[in-house]
Amino acid sequence: MLFRSMEACSDKQKPVAVGAQALVKTMYEDVSPWSGGFVLPLLKASLVSTAKPDTKAVACELVTSFAGKFPESTALEIEWLVHPLSILMNDIKAPVKAAAKVAMTAVAACSGNKDLEKFGGAIVRSLEAVKNVPDCVEELAGCIFVQNVEAPVLAVTTPVLQRGLNERNEEIKRKCCVIVDNMCKLVEDPKDVAPLMPRLQPLVAKVK
């Protein structure tokens, strides 16, 4: 039912689209606080680049709303949410880009790590455009990690570090390596970092 309702959000008939949008928003208003593992993945098909514009925008709005109300539940879904949202932040449709950026900002704020709180903007900017990566890495390098680093933090910072490690500037690459090293020292449970290290290790190994 949800999939069809999300598709109907982009219906050519305005009353149908408006009704569908109101319906799905009502459905997500009534979900329980710890339902993120079920209700957020239901939006995956609506967050892909090939979905229709209004459907993508509504899906982003639903993510934003859920993240604002239930950050702890959203934190468990950050690992997969960052990728589709970062793609939609570069969508050809301005409303989709705007909605995706707001959603990414809300998701980044759900990491649960106080040390990273003031760097959410830098993370979002780095995912918004490659040209922003060097400045964002510089800013992130100023983050002093004290609190234990858990999976949500790694999930939200790994895409930034990946982009930084792909930069031509050797200094930026080295700063990314320092950030990775500092975070890994504060990982208490190896299972938190295991899914993400394969994405970083090959890039770190290339840095001279």
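**A walk through the salt bridges, rings and buried residues**

The structure is a predicted model, in which local features need pLDDT of at least 70 and side-chain atom pairs count only at pLDDT 80 or more, while totals for chains, interfaces and linings use all residues. Residues are numbered from 1 along each chain as its sequence is written, and side-chain values use heavy atoms, with hydrogens and water left out.

What does Lys175 pair with? Lys175 forms a salt bridge with Glu171, where the closest N and O atoms are 3.6 Å apart. A salt bridge is a side-chain nitrogen of Lys or Arg within 4 Å of a carboxyl oxygen of Asp or Glu. Both partners belong to helix H11 (residues 170-184), and because they are 4 residues apart there, about one helical turn separates them. Helices (H or I, at least four residues) and strands (E, at least two) are DSSP runs, numbered from the N terminus. Glu171 is partly exposed, with a relative accessible area of 45%. The pair also belongs to a network of salt bridges that links Glu138, Glu171 and Lys175.

How many salt bridges does a search of the whole structure find? The search gives 8 salt bridges. One of them joins the side chains of Lys25 and Glu61, at 2.9 Å from N to O. Lys25 lies in helix H2 (residues 14-29) and Glu61 in helix H4 (residues 53-69), so this pair ties together parts that are 36 residues apart in sequence. Lys25 is partly exposed at 32% relative accessible area, and Glu61 counts as partly exposed at 36% relative accessibility.

Another salt bridge connects Arg125 with Glu139, whose closest N and O atoms are 2.8 Å apart. Here too, distant parts of the chain are linked: Arg125 is in helix H8 and Glu139 in helix H9 (residues 133-140), 14 residues apart. With a relative accessibility of 34%, Arg125 counts as partly exposed, and Glu139 is partly exposed with a relative accessible area of 31%.

Next, look back at helix H4, where Ala67 is found. Is Ala67 buried or exposed? Ala67 is buried, since its relative accessible area is 4%. Leaving aside residues up to four places away in sequence, Ala67 touches Thr74, Ala106, Val107 and Cys110; contact means heavy atoms within 4.5 Å. Leu140 is 73 residues from Ala67 along the chain, and their C-alpha atoms are separated by 23 Å.

Now for the rings. The count of aromatic pairs comes to 1. Phe66 and Phe70 form this edge-to-face pair, 5.0 Å centre to centre with 65° between the planes. Rings of Phe, Tyr and Trp (its six-membered ring) pair if their centres lie within 6.5 Å; planes under 30 degrees apart count as stacked, over 60 as edge-to-face and the rest as tilted. Phe66 counts as buried at 2% relative accessibility, as does Phe70 at 15%. Elsewhere, the charged end of Lys44 sits over the ring of Trp80, 4.9 Å from the ring centre. For this, NZ of Lys or CZ of Arg must be within 6 Å of the ring centre and within 35 degrees of the ring normal.

Our last stop is Asp115, in the loop between helix H7 (94-108) and helix H8 (120-128). Asp115 is buried, because its relative accessible area is 18%. Asp115 has no salt bridge, and the nearest side chain of opposite charge, Lys114, is 9.1 Å away. Lys and Arg count as positive and Asp and Glu as negative, while His and the chain ends are not counted.

What does the side chain of Asp115 reach at 2.7 Å? The side chain reaches the backbone nitrogen of Val146 at 2.7 Å, and the backbone nitrogen of Gln147 at 2.7 Å. A polar contact is a pair of N or O atoms within 3.5 Å; within protein, one must be able to donate a hydrogen and the other to accept it, and residues adjacent in sequence count only if both atoms are side-chain atoms. Not counting residues up to four places away in sequence, Asp115 touches Cys143, Ile144, Phe145, Val146 and Gln147.

Notes. Buried means under 20% relative accessible area, exposed over 50%, partly exposed in between (1.4 Å probe, protein chains only).
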